[in-house]
Amino acid sequence: MKIIAHRGASTYAPENTIAAFKKAIEQGADAIELDVRLSKDNIPVICHDATINRTSNGKGYIHNLTLKEVKKHDFGSYFHKKYKNETIPTLEEVLQFIGNTPIILHIELKNGPIIPENLEQKVLDVVYRHNFQGRVVYSSFDHLSLKRLAMLDPQAKIGLLFHMNLIHLFDYISNTGINIHSIHPNHFYVDKEMIHQARNRNVEVNIYTVNNLKIALEYKKMGVDGLITNDPLILT
Ligand code: G3P
Ligand code: CA
């Protein structure tokens, strides 16, 4: 079972920062999951929430702030004062940081409260500029966003992210018309039958978010392919 560091090693360092990604690599994660949004000037930046209020010393919606404005803020101190120099990373900075390490990147496309029309293209531009195609899985709760991305890049690996049980999940997947690489369900809704069905279709199962060893081991036994966790050391 692959370990996918959720927002980086977010148990140990402020989520979605270079410090958290560095920690995930040091701790031996197979992949890093991060959340991407567009700044006001259309730069892909890494932040889970639509606003910077919770994870920085600033306030406001990312889509109302330029990169220069959002970069002024401290994205580390809310977690611990030793991280006071962490700023919001751009996707570009993350790819530069990861470089040639063997790590895989799970890029979650975050839309809302506005739906930027060009998020998918802007993300692809950065990925291609750095030759990361093939090292990325794109996921989103917004399946139209995944569809747009798949149309722009038919080779892209697409992970279908969902909160709730979906009725006739695999019929739904067929109806999207997207060539799905993996499903990313909330772990509460995963059972042996779902894994069996996915396996028959050559679709991987990556579950979120599990931070408890006993639960992680149960899913490992069940045959889950990837565990999205805040703690890359969970199985050690
Ligand atoms: O990729 C799974 C997980 O990150 C989805 O939930 O809210 O943490 O982005 P969230
Ligand atoms: Ca996420």
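These exercises work through a predicted model of one protein chain.

**Exercise 1. The whole chain**

Task: Find what radius of gyration the chain has, and judge it against a compact globule.

Solution: 
- Start with the length. The chain has 236 residues, and a compact globule of that length would have a radius of gyration near 18 Å.
- Now take the value for the chain. It is 17 Å, which agrees with the globule.
- Along the principal axes, the C-alpha atoms fill a box of roughly 50 × 40 × 30 Å.
- Count the elements. There are eight helices and nine strands.
- Look at the record. An unreviewed UniProt entry annotates residues 1–236 as "domain: GP-PDE". Over residues 1–236, 29% of the chain is helix and 20% is strand. The end C-alpha atoms lie 13 Å apart.
- Check the contacts. Take those between residues at least 6 apart in sequence: 54% of them join residues at least 24 apart.

**Exercise 2. Met 194**

Task: Decide whether Met 194 is buried, partly exposed or exposed.

Solution: 
- Locate the residue. Met 194 sits in helix α7 (residues 192–200).
- Count neighbours. Met 194 has 19 C-beta neighbours inside 10 Å. A buried residue needs 20 or more, and an exposed one has 12 or fewer. So Met 194 counts as partly exposed.
- Met 194 and Val 205 are 11 residues apart in sequence, and their C-alpha atoms are 8.7 Å apart in space.

**Exercise 3. The core**

Task: Find how many residues the largest nonpolar core has, and list what Ile 46 touches.

Solution: 
- Begin with burial. Buried residues make up 40% of the chain.
- In soluble globular proteins, nonpolar side chains tend to be buried together.
- Size the core. The largest nonpolar core has 59 residues. Those with the most contacts inside it are Ala 5, Ile 32, Ile 46, Val 123, Tyr 138 and Leu 227.
- Zoom in on Ile 46. Leave out residues up to four places away in sequence. Ile 46 then touches Asn 16, Leu 34, Asp 35, Val 36, Ile 88, Pro 89, Leu 91 and Val 94.

**Exercise 4. Backbone exceptions**

Task: Say where Asn 16 and Asn 202 lie, and whether each is buried or exposed.

Solution: 
- Recall the rule. Most residues other than glycine have a negative phi, and most peptide bonds are trans.
- Take Asn 16. Its phi is positive, about 55 degrees. Asn 16 lies in the loop between β1 (2–6) and α1 (18–26). Asn 16 is buried, because 28 other C-beta atoms lie within 10 Å.
- Take Asn 202. Its phi is positive too, about 60 degrees. Asn 202 lies in the loop between α7 and β8. Asn 202 is exposed, because it has 8 other C-beta atoms within 10 Å.
- Finish with a peptide bond. Gly 112 and Pro 113 are joined by a cis bond, with omega about 5 degrees. Pro 113 lies in the loop between β4 (104–109) and α4 (119–129).

Methods
Residues numbered from 1 in each chain as written. Chains lettered and ligands numbered in written order. Predicted model: local features only at pLDDT ≥ 70, side-chain atom pairs only at ≥ 80, totals over all residues. UniProt positions renumbered as here; feature names shortened; annotations may be inferred. Helix = DSSP H or I, 4+ residues; strand = E, 2+ residues; numbered from the N terminus. Rg over C-alpha atoms; globule rule 2.2 N^0.38 Å. Contact = placed C-beta atoms within 7 Å. Core = buried A, V, L, I, M, F, W, Y, C linked by C-beta atoms within 7 Å.
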